[in-house]
Amino acid sequence: MNYLSVENLTKSFGDRVIFSDLTFGIDLGQKVAIVAKNGNGKTTLLRCLMELEQYDSGRIVYRNDIRVAFMEQSENLDETHTIMEAVFSHDLPELQVVKKYNQAMREGNEAVIHECYDELTELNAWDIEVKVNQILSVLKLDDTSKLIGSLSGGQKKRVALAQVLVAEADFLILDEPTNHLDLDMIEWLEEYLSKSKSTILMVTHDRYFLEVVCDTIFELEDKTLYKYKGNFSYYLEKKAERQEQLGSTIEKAKNTFKKELDWIRRQPKARSVKQKARVGNFDEVKKAASQRVDDSEVEIPVKMERLGSKILELHKIGKAYGPKVILDNFTYNFQRKERLGIVGNNGTGKSTFLNVIQGREEVDRGKVVIGETVVFGYYSQELIKVDEDKKVIDVIRDIAEFIPLEKGRQLSAAQFLEKFLFDRKMHYNFVHKLSGGEKRRLKLMTVLMSNPNFLILDEPTNDLDIFVMTVLEDYLRTFEGCLIVVSHDRYFMDKMVDHLFVFEGDGAIKDIIGNYTEYRKQTAVDYKKDPSTTSGAKETVKEVKVTQLSNSSVEEKKKLSFKEKEEFKKIEKDMESLESEKETLTTKLSDSTISNEDIMNAGNRLAEVVQKLEEITDRWLELSEYA
């Protein structure tokens, strides 16, 4: 069943064509992602599909009677609304009745309360408030009375995401849904969308997200759309095949071009009709031979300052802001080629730690010793601070005209820009004309161009497309210095680091051997052994008791143990009992003869039953794979 049909869609800004004659369709239940380089028109395409941006020509048709919800990259919320008002601002009947019911309860208006009972029962909407509260809780938006105007940019983004998720739309269109989410939120959203029955079209740079959630990839390149019927791994495989075939075609075209060029040069001006046809074909051959295969892989063997035996030593350091403890008696010595990842919830002190080790902030006690040969390169989350009227190449040249390579070679500022996908025509663009992603890419280059031997990258992948991230990964793969990465990009972390500092709060830091995925696997194993080790179903890393991980994968489970079989039987009985109680409570809430106190008690109990059902259903699904 077709949900969206797009025919010959074309969009341009002045002389610049963004995309041309795009034709595609999206069917019921499909989960589609659009990937492209920054500036190629991903967001513009989504806005055109929602009729928020005018397009030059083409046709966009949605199936009748389906609900479409759109999450924009820049949130569009009423600053005078509270979080709860923003989330309930949909015209969805269930949400409007719950909103009306809550207001009537606050005002004690019994006539409206009884009126809402029938509507809630008819719409089967008694558990929708539980769902809303669950989503807000996971996204850490617990104080729903806060005004939108008082929230940070990240919090507003999460409100916009919650607003879309509670809409229960048939078709979700999401622009960068994982931005400003921490790792636990991203993993929760990944699972939520994987199980969702909604049809999804999204733009995201999270490669694990693309791998797990999506079943179709659209690549927007050269103003056209390439379709890959599979997840991210399939896309990479088939794109490599397409590029290989294109490379072969170009090579043949080049050989033909040389012959035709020689023929053209040898021919007199007067030609027969047959010769004119050959001259016309020459232009087509020339166009084919001029194509380039995009290959982002880059190796830059930089000649950096050699690190001495003493690099960075932390001796029993402590740091606190009033009663809030960030570091407590922490000791660690960094070694050559250290590749460290840092994870932890917001507010646990990750950024403070980065400032302390660079000497940007003083410690309350202990000592930080920085080796004499250490040259820090620090990429922070702030946007680049340069004169907006400067040209891109001048920003790089202000740092250095050349970057020294091994064996006495050099890389010019222009060549370095090209390595990081700034083509020649962009070198003389003014900084103020760059997109947000391009500005971040330029800032990253200013850090790398300074030739550091100790790199600290704080959320380097934010607003960078997957192609630029591949270039960065290739660069870091050959980097011989020390590396510290703070990132919510799990794919990037897995490729770049070999151990983690887990910031647990209250000054506690654990050093975990292994990458992020290995750490989460071990967390899941520990949770199964002892669910009390975490608060909720693996929602935080705060209470996980892990000290060291093996590099080998967790042994594959073949069947249930005796204890798990008994647990499985018990869960099935509990599910039946809870479903029965849920039905009883729903019937009770629609009874207009019972008192307000009984109604409140029944409503609270219903919320508990629904939540318990969700928890044990997840465990039942887990065990049922091996039952």
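# Strand pairing and helix packing in a predicted model

User: Which residue in β7 does Lys 31 stand opposite?

Analyst: The model is predicted. Lys 31 faces a residue of β7, and strand β3 (residues 31–35) runs parallel to strand β7 (residues 199–203), joined to it by four bridges. The residue standing opposite Lys 31 is Ile 200.

User: Which strands stand at the edges of the open sheet, each with a single partner strand?

Analyst: The open sheet has six strands with mixed pairing, in the order β5-β6-β7-β3-β8-β9.

User: What angle does the direction of helix α6 make with that of β5?

Analyst: Helix α6 (residues 153–165) packs on the sheet, where it touches β5 and β6 (171–175). Its direction, compared with that of β5, makes an angle of about 170°.

User: How many residues of strand β17 are buried?

Analyst: Phe 454, Ile 456 and Asp 458 point one way from β17, while Leu 455 and Leu 457 point the other way. In a regular strand, side chains alternate between the two faces of the sheet. Residues on both sides of β17 are buried. Strand β17 (residues 454–458) is therefore largely enclosed by the rest of the structure, the count of buried residues being five of the five.

User: Which residue in β18 does Ile 456 stand opposite?

Analyst: β17 has a parallel pairing with strand β14 (residues 376–379) over four bridges, and there Ile 456 is the bridge partner of Tyr 378. β17 also runs parallel to strand β18 (residues 482–486), with five bridges joining the two. In β18, the residue opposite Ile 456 is Ile 484.

User: Which helix makes a right-handed β-α-β unit with β17 and β18?

Analyst: β17 and β18 run parallel. The unit they make with a helix is right-handed, and that helix, covering residues 466–477, is α15.

User: How many nonpolar residues has the contact of α5 with α7?

Analyst: Helix α5 (residues 128–138) packs against helix α7 (residues 183–195) at an angle of about 145°, and the axes are 10 Å apart. From α5 the contact takes Lys 131, Ile 135 and Val 138, and from α7 it takes Met 185, Trp 188 and Tyr 192. Lys 131, Ile 135 and Val 138 are among the buried residues of α5. By class, the contact has one charged residue and no polar ones, and its nonpolar residues number five.

User: Is Met 50 buried or partly exposed?

Analyst: Met 50 sits in the loop between α1 (42–49) and β4 (57–62). Beyond four places in sequence, Met 50 touches Tyr 62, Val 68, Phe 70 and Ile 173. The cut-off for buried is under 20% relative accessible area. Met 50 has a relative accessibility of 22%, so it counts as partly exposed.

User: What part of the chain's contacts with a separation of 6 or more comes from residues 24 or more positions apart?

Analyst: The chain has 19 helices and 20 strands, and 48% of its 627 residues are buried. Among contacts with a separation of 6 or more, the part from residues 24 or more positions apart is 68%.

Terms used:
Residues numbered from 1 in each chain as written. Predicted model: local features only at pLDDT ≥ 70, side-chain atom pairs only at ≥ 80, totals over all residues. Heavy atoms only, no water. Buried < 20%, exposed > 50% of the residue type's maximum accessible area, 1.4 Å probe, protein only. Contact = heavy atoms within 4.5 Å. Axes fitted to C-alpha atoms, helices over the stretch in contact; angles between N-to-C directions. Nonpolar A, V, L, I, M, F, W, Y, C, P; charged D, E, K, R; others polar. Pairing = 2+ DSSP bridges. Right-handed = clockwise from strand over helix to strand, strands pointing away.
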